[in-house]
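Okay, everyone, thanks for coming. Let me put the structure up, and then we'll talk about charged side chains.

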Amino acid sequence: MFRFSKQSLLAVLLSLAPITALAALGEQSYVSHLPSRGALTLVGKTTVAPLYVDPTDHKGVIRALGDLQQDIARVTGKTPTVIHQRQALGSHSVIVGTIGKSNLIDTLIRTGKLKPSAITGQWDAYHLQVVNKPLPGVERALVIAGANKRGTLYGIYDVSEQIGVSPWYYWADVPVQKKSNIYIRKNTLVQDAPKVKYRGIFLNDEAPALSNWVKQNHGDYNHAFYEKVFELLLRLKANYLWPAMWNSAFADDDPLNMILADEYGIVMGTSHHEPMMRADKEWDRHGKGPWEYSSNPKELYDFWQAGAKRNKPYESLYTMGMRGQQDEPMSEGENIELLETIVKDQRSILSDVFSDRELTEVPQLWCLYKEVQAYYEKGMRVPDDITLLWSDDNWGNIRRLPTTEERNRVGGAGVYYHFDYVGGPRSYRWLNTVPIAKVWEQMNLAYHTKADTIWIVNVGDLKPMEYPIEFFLRMAWNPENWPHTRLQEFGQLWATREFGEQYAEEIESLITGYTRHNGRRKPELMAPDTYSLLNYNEAERISNELNDLVRRAETLYNTIPTNKKNAFFQLVLYPVKASATVTQLNIAVGKNRLYAQQGRAEANHWAKETQRLFKLDAALEAQYHALNNGKWNHFMSQPRIGYTNWNNPAGNQMPSIHQYTPGNYGDMAVAVEGYSHVWPDAGGHTLRFDQNGRNQQGFELFNRGTQPVNFKILEKPAWLKLSLEQGEIASVQKIEAAVDWQQLSEGTSLGEIVIKGNSWAKASIHISAFKPNEKRRRKARGFLDADGYIAIEAANASRGKSALGISWSEIPQHGRTQSAITPLPFNHKSFTDLSKAPYVEYDLTFFHTGEFDIHIHAAPSLPFLPNRGLRYAIALSGEEPQIVDLTQGFSGTDEAWEETVKSGVRIGTSVHKVVKAGRNTLRIYALDSGVAIQKILVNTGGLKPSYLGPEQSIRN
């Protein structure tokens, strides 16, 4: 791709002004709102440049120029004239056309005024240039020339975006940036073409939200609806669509759907289980007999032939093969011979229908989805010109990518990806739950294994997937333009374009925050016990993190200009608050149930909090539906609370809560951090302190009745400090405990806290305090062994070494807590000689000895190449390295896979001996590309259960 602008000093200075915020994402701005020498005046104080298009050019090009005309009017309030005669060109003009279709563009090329050789003949490429004196009487022209119809369209919409019209101006109510004047900088030259051929989305799982919205606003999935989708795709430089199909049939519902798709330049397809451009619902309407080729081949053959004939005039990508109706496996089972016959007959249909061209010129794909991949692995093959469309596991983890040999296939390969899914272990259809860092990590593997013919993503209802949709499609246009080092920048550029530079950093942080949270565990999977109420203060930490996101989002909402509030609510505030509400509701339910079990009157507070949050969720949905006079009514109506199995409930169902009725008395009980049972029901509580770890821990005195209770600490070690030693308990009294280490000698010291309430019995809490060897502590280096574990964020290595240009590299944001490290750049081969493999090292200091487990928390990726796992090697100082395969013995359909995708993590475990306390070095070797390590946990004997694991250990 070439994208540059030769500028005068004045233009350079102008490029530093705020107008750069309006440039397309990550690209140099060629638009200014101040005049400069040599610039083209698109809209001046008294002039508006006419927009020329040859009347013989494609209908879609002429139509799109009308969009640019409207966009200029939206920005400036001045409407340019669309002209079709050269004589009507002005001194400053815009000339638009497709090479070979526009006489004027061809004339400019022939006379040497335009030199688009860099893009000529390239798929979907465009050339955009300010040309001086292109024609007699024309001083300056902005020329937009496409190598094909879509190339011209992309050039037109590139200008729209640059002048200040977001691709999401309709679909997310992003306001247009109003300016009086528009100038195109002199010497502007843009030549661009996509790296992935077919780039698109799949509208799926579209009921109730999208379907009800469409019914209210358009009556049906007709051309009035799809024109809005087509335009969005073009503005995002996409070209491919699988249409909604649950209860609709694109070409059958409205004959104009297919005609206008082709006019807009959108290549139409049908989903992975809808062969030959026939929608699933079309068989229900027009098919005869069973959907089984073994028993009903003629009816199916004729049905598919009619689809091919219908779509012959239009640009289409034919799905080959067959699955059962409604996306089920074939009823005939794994009959590979039958499926090969089906593909052969489908090819015969295409040969007959497209007798005017070579069959290899008719675009075809075979989607290797679910069980269909097994047919391929067992030896089934299709002709070389059919694109193999590999799939993820419906949870964003690509199951298979091309081998070295498969990368030479003429038809190439692609990926079918998911932001939305109906199925096990749990449907997720409500909010955006896929961080762009995960998308990048997986699709980067696809690009570097040459799965670059088709990228299509299931986006559910389309809203509220605006942010990941744009990232997916921008990356598809040019993956090399968005390396892992630019992920945060992408978010900031996106926020700048939509809301302004002054808000960009905070908005990116908010979007990253809520998507990271949803990526940890999708809202539909959230449960009262997801985050630990007992260990590492986990539930409280998550709640505080979410409260902070909500507070910041609300503060920004109150600050942002009024005309941007609707867009901000849709794109930022609602997903932040809604994500937080569902999680906090579950935490409240967890506390209610635990406290009721413990006999706390406080349980009722959390019952009321659960009810409040359940109502808040409904109120947020209602607020969304009321936006912009009800424009988005029905969106966000997908149920998300109350799942009991894989499928969503009929509506949101508040979890059951407990009511506790305290007696008319006072009765002290004691709850200790890390224990679910309480005194006096059971004893045996111990608070453990480590000088290198958490110095402050706590316990709670609570009242089981309604009358106040007095308490007093009767006994405690002299070296233990308590935040309170006597007082009254009305409901609950939190007491913090800390150790005065100066009073202790090295080793383990024991003690006891004795507490007296209103009964004759006394509560007892055991205290254990470990003070490590002072000399060893002074010499400690790296992460310190304390509280029974060492926890490390993988990116925080002490050092590393690359090999063959490959090294462990950080993918920012790709992790449940911080980030991930993965071997980059992609390596087609695995390292087998550890002495030549890249590695990272972590300095550790142990204060205990023994046999310890090391748990590696990695992204839940799948082994995407046959006969190769996802391996790393690991060793402590002096050890023989152990090779660990994260996917060894792993089945894509077993319970382990379900738990992996639910928790968003894959864990590798190795056992290591530490025979001598002191400094040590942990080394992790990179063996296979695709391993993305997020966190390292060394269990030195005290690691407690929790969802995310403890926070990172102290580092000396």
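So, Arg 871: this one counts as partly exposed, because its relative accessibility is 21%. Keep in mind that we're looking at a predicted model. What does Arg 871 pair with in a salt bridge? Its partner is Asp 928, with 2.9 Å from N to O. Arg 871 sits in strand E35, while Asp 928 is in the loop between strands E38 and E39, so this pair ties together parts 57 residues apart in sequence.

Quick bit of background: side chains of opposite charge can pair when their charged atoms come close.

Take Arg 323 and Glu 371, whose closest N and O atoms are 2.7 Å apart. Arg 323 is in the loop between strand E14 and helix H11, and Glu 371 is in helix H12, so the pair ties together parts 48 residues apart in sequence. Both of these residues are buried.

Next up, Arg 541 and Glu 951, with their closest N and O atoms 3.7 Å apart. Here the pair links distant parts of the chain: Arg 541 is in helix H17, Glu 951 is in the segment after strand E39, and they're 410 residues apart. Glu 951 counts as exposed, because it has 51% relative accessibility.

There's also a salt-bridge network, linking Glu 161, Glu 470, Arg 474, Arg 497 and Glu 498.

Last thing, the surface. Lys 775, Arg 778, Lys 779 and Arg 919 form a positive patch there, and Lys 775 is in helix H20.

Methods: Residues are numbered from 1 along each chain as its sequence is written. This is a predicted model: local features need pLDDT of at least 70, side-chain atom pairs count only at pLDDT 80 or more; totals for chains, interfaces and linings use all residues. Side-chain values use heavy atoms; hydrogens and water are left out. Patches are made of residues with over 30% relative accessible area and no salt bridge: like charges are joined within 9 Å, nonpolar side chains (Val, Leu, Ile, Met, Phe, Trp, Tyr) within 5 Å. Accessible areas come from the Shrake-Rupley method with a 1.4 Å probe; for residues, only the protein chains shown count as cover. A salt bridge is a side-chain nitrogen of Lys or Arg within 4 Å of a carboxyl oxygen of Asp or Glu. Lys and Arg count as positive and Asp and Glu as negative; His and the chain ends are not counted. The place of a charge is taken as NZ of Lys, CZ of Arg, CG of Asp or CD of Glu. Helices (H or I, at least four residues) and strands (E, at least two) are DSSP runs, numbered from the N terminus. Buried means under 20% relative accessible area, exposed over 50%, partly exposed in between (1.4 Å probe, protein chains only).
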